[in-house]
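Please set out what the fold of this model looks like, from chain totals down to single residues. The report follows the structure shown here.

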Amino acid sequence: MKKLPAQFSDWFATRGWSIHDHQQQMLDKADATALLLIAPTGGGKTLAGFLPSLIDLAASPRQGLHTIYISPLKALAADIKRNLSTPVTEMDLPVRIEDRTGDTPSSRKRRQRADPPHILLTTPESLALLISYEDAPRIFAGLQRIVIDEIHALADSKRGDQLMLAVARLNALCPAARRIGLSATVDDPKAIARFLTRSGDCCHILNADPGPKPDIAMLDIAAPPPWAGGGAAYAIPAVLEQIAQHKTTLIFHNTRAQAEIFFHKLWLANAQSLPIGIHHGSLDRVQRDRVEAAMVRGELRAIVCTGSLDLGIDWGDVDLVIQIGAPKNVKRLVQRIGRANHSYNTPSKALLVPANRFEVVECLIALRAVESHSLDGEARGRGPLDVLCQHILIIACAGPFDPDTLFEQARQTGAYHDLTRDEFDACLDFCATGGYALRAYDRWQRLMADADGRYRLRDPRSAARIRMNIGTIQDTDTLKVRLQRNRGGKPLGEIEEGFAATLSKGDTFLIGGQVVRYEGLREMTVEVSRQANKTPKIATFMGTKFATSTQLSAGILRYFEHNDWADLPSHTAEWLTLQQQVSRLPQADKLLIETFAHEEREYLCAYGFAGRNAQQTLGLLMTKRMEELGQNPLGFVATDYATLVWGLTTVTDPAALFEKQALEHGFEDWLSGNAVMKRTFRASATIAGLIERNLPGQRKSGRQATFSSDILYDTLVKYDSEHLLLAITRTEAMRGLIDFERLREMTQRVEGHIDHIRLPRISPLAAPLLLEAGRVPIAGAAQEHLVAEAAARLMDAAGLTP
Amino acid sequence: MTGQNTQGSLHKSQTNGVAFTLAGVNLIAMGSGALWWQEQSLLCVSDLHLGKSERYARAGGAVLPPYQTQDTLLKLETDLEACRASTVICLGDSFDHPEAAGELAEDDRLWINRLQAGRDWIWIEGNHDPGPLEIGGSHRAVLSVHPLFFQHIAAPDHVADVMGGEVSGHYHPKARLKTAARSVSRACFLFDDKRLILPAYGAYTGGLSTGHALLQALMNPGAMAILTGKNPQIIPMPRSSSDR
């Protein structure tokens, strides 16, 4: 057991602290090649991660980079810098700490490259940029430790894959650098360890004391929740009461739009004028900084937020977490609850607020899962190849490289451990020539091979373009929003381009909690003025759309079999009872399908419980089949538990739509044509470098990229169906938005047992779907019909007769 | 709405084209984006931008799929087979940059030659491909086929009564239509009593909204738009502002 140097134990003593067990263990194992610490928030993780660095630097002062720290959030990097500065200043250590993110001014960035600090706090994207410089070997010379914080949040995302490829490069430059991962509680620590470690190395896993069990319950509200939607406005009085009773409350939402609407309504009801802020990823950085600073100073009683605050920043005195809307998966819920645990030994307190009646059931099942410690885990797929392509280009920026070496490096990264040489070569070929079956314009290859087999950029100037487009986060489709003023007013944040396109002068919408009025679009910026008196149109923001996990869905179906609603509030119990009387409740081993007529349309509702993405895919497949059978579908809407299709014709034999062979065959054809594939293609094509979001001198608008990516997709499907990007898109889509795996799982589960019931009217369980947003229109014969109708109407209105 | 009769008759006579009149001439706007003048057996297409993907590759950026030329020529071949034109006018920006004609793959060059066989083929110069091109056919700055006048970019001071109905391209117009289901955006023809602007015929071409100030200034009130696509539709030219 290594003793703390006197200087440090003295400092601990002045603070009245003693070293935690896991901090001591981190110190003892500081020489390990790879180390993973699993600790709840507030458990002194930061110090645990940095103590060995500080001690080392105090013992032998030196120049140059010693430790690099990577976190998923820019705010976290800034926060850590704040926290670390305290011991460094108070102990007067010869340690320089700096942060480097997208927000760092370029003058400081240049200085950091020329004269690196001892400890650099950064993000995955900034690290990728750093390794792309020719002088990367000099910048990183002497690196001893690589600390990755919130690694659980990175481990199942493309950001994490890009990060570990960059870390592999770092280890190639500095073989002695050790890897340290800091993680919150997860279901499978070994998987995280594999993610962190170079293949062949071993990783020590340290489990800190998880602390007392969380205190989590559903918020008791007299008023029943609405039938559909994600808003939870009905809960506002109860939420305000909770805020008044606690010091600081975090109010989490699943989407940014929901956070905005909730915050707006909260303010309207905030009779006591409690100081409440809003924080999410689409808000302007300055605004976010203000909110963060106010939180740290303890000036806010509540913050309405999204996943932007999901990660470990140790905000002041948070003593309550409220989750608005069903949590979608248990793991995220538990990690979020951990936020209300800054003081290590008191149980975190959390309240769930279902946003609609079905979510009441979801929340109940989630509570039980937390109780029984069953966290859900989805298996991770293989390393995505689009990220590998971007990595190849990044490496090329730094100088000529040997493909064999790069291949080996990639294979040492957890996610890519089973990368085949063929796959690697396909990626290299794509980066170099575009990878097309038709070999064209060879003179204009991006990468060229030397006589000695090394690859380099044909045109060194293209390095700038590649650097401009580094990253895997899809923040496409957004436009900046500013207050209107002669020379550009205050920036408020961003909104989706799709939403901006629907705005006309005078429309109002919410951003940053204020209602603003759309004045116009100037140079890719939405200009607005302050306007308080109209009901705002709801803005849409980019943000992840989570599907309810397999585990939660299965839990709900099992719950339905028990027929005992004692645990549910009476409004929800009554609803389910009514459903049983009028129709049936869905069951695990059958697929319940209800058909009914409603307001001049025919409806079909399929209760698959496969999660939002798979249910969406099911909708697309069903309507395609219906189109083929001449059944005139007009549209559908999907939730986590069901898909509701509407059209002009009654469906008498739904089993025909779910026939397994038809589903799989139909899937193949359909896969090439549909919108989800195109969207997935656009994301992958952007990451892999086929579509450049940022061009020198000008910013390409998100919508323009949409247009050209659809054309690119169609062209490849038509002329080059074996192209790498189509293969990548397919793999992505199967797991992601298409989620065909879950659909397949559903069909297996119900094994052809279709339970079809024809109802005289809409059922209680289906009714909420009619109120759901996110309807998908079907562009079949029915739509052409409608286009012709709309055109005829316009002509009529103009007094013209065709 | 006044001035209705100056538009002539507007009727959908074919399954994939909309018939209309300009300066007394009966024309058909095809769903593919081509203009068909039956009486003269003349097909007109604009803004093919062949070779665009090469330009991107040369700049050191992404290497776009090299099938754009094939795709555009296939579309043109299909249109020519359908209407059997004896004259073809390519109304400018047929090539994305001046060298593109010389850079054509041999197969594509031969393909164009095949399409040109037995036809009068006129290349009108555009801003991207000014000057004579390294390819067969006749090369002109403007062309007058009475009572119509063909040039790449619409001239704001064009006097239709003297020079004829103006037919031009260059702007790649796009119109947005709100249906009961959702909003749909398509490349479109624009015409009024003086002029016609063709949509971009080539692949990989972006577009300018009909609401844009430039297009609004060129077209009279009462101008119409014909959306391209499988089932072309005619609508009054949308006026909503959006500078994209």
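## Chain totals

Of the 802 residues in chain A, 58% are buried, where buried means under 20% relative accessible area, exposed over 50% and partly exposed in between (1.4 Å probe, protein chains only). Contact means heavy atoms within 4.5 Å. Among the contacts in chain A with a separation of 6 or more, 73% are between residues 24 or more positions apart.

Chain B has 244 residues, 59% of them buried. Its secondary structure comes to 6 helices and 17 strands, and residues 24 or more positions apart account for 63% of its contacts with a separation of 6 or more.

## Basis of the values

The model is predicted, so local features need pLDDT of at least 70 and side-chain atom pairs count only at pLDDT 80 or more, while totals for chains, interfaces and linings use all residues. Residues are numbered from 1 along each chain as its sequence is written, chains are lettered from A and ligands numbered from 1 in the order in which they are written, and side-chain values use heavy atoms, with hydrogens and water left out.

Six strands of chain A form an open sheet with parallel pairing, in the order β8-β13-β12-β9-β11-β10. Its edge strands, each pairing on one side only, are β8 (215-218) and β10 (276-279) of chain A. On average, neighbouring strands of this sheet are turned by 20° against each other, direction ignored. Two strands pair if DSSP finds at least two bridges between them; β9 (residues 248-252) and β12 (residues 318-324) of chain A run parallel and are joined by 5 bridges. I251(A) stands opposite I322(A) in β12(A).

Helix α15 (residues 357-371) of chain A lies across β8 and β13 (349-353) of chain A, at about 160° to β8(A). For such angles, axes are lines fitted to C-alpha atoms, for helices over the stretch in contact, and the values run from 0 to 180 degrees between N-to-C directions. Of the 15 residues of α15(A), 13 are buried, so the helix is largely enclosed by the rest of the structure. The end C-alpha atoms of α15(A) are 22 Å apart, in agreement with the 21 Å that its 15 residues should span at 1.5 Å a residue; the expected span is 1.5 Å times one less than the number of residues. At the start of α15(A), a side-chain oxygen of N356(A) comes within 3.0 Å of the backbone nitrogen of F358(A). Just after α15(A), H373(A) has a positive phi of about 55°.

Helix α16 (residues 385-398) of chain A has 14 residues and should span 20 Å, which agrees with the 20 Å between its end C-alpha atoms. Since 14 of the 14 residues of α16(A) are buried, the helix is largely enclosed by the rest of the structure.

A nonpolar core is a set of buried Ala, Val, Leu, Ile, Met, Phe, Trp, Tyr and Cys residues joined through side-chain atoms within 4.5 Å. The largest such core has 85 residues, and those with the most contacts inside it are F140(A), I148(A), L388(A) and I392(A). α16(A) gives the most to this core, with 10 residues. Apart from it lies another core, of 57 residues, including V361(A), W575(A), L585(A) and I762(A). Leaving aside neighbours within four places in sequence, L388(A) is in contact with L165(A), A410(A), Y416(A), L419(A), F424(A) and C427(A).

## E98 of chain A

E98(A) is in strand β3 (residues 97-100) of chain A and is buried, with a relative accessible area of 9%. Its side chain makes a polar contact with the side chain of Q112(A) at 2.8 Å. A polar contact is a pair of N or O atoms within 3.5 Å; within protein, one must be able to donate a hydrogen and the other to accept it, and residues adjacent in sequence count only if both atoms are side-chain atoms. Not counting residues up to four places away in sequence, E98(A) also touches others, including K81(A), R108(A) and R111(A).

## Backbone exceptions

Most residues other than glycine have a negative phi, and most peptide bonds are trans. D92(A), in the loop between α4 (74-90) and β3 of chain A, has a positive phi near 55° and is exposed, with a relative accessible area of 65%. E150(A), in the loop between β5 (145-148) and α8 (151-154) of chain A, has a positive phi near 50° and counts as buried at 5% relative accessibility. In chain B, a cis peptide bond with omega of about 0° joins H146(B) and P147(B); P147(B) is in the loop between β9 (142-145) and β10 (148-151) of chain B.

Conventions. Helix = DSSP H or I, 4+ residues; strand = E, 2+ residues; numbered from the N terminus.
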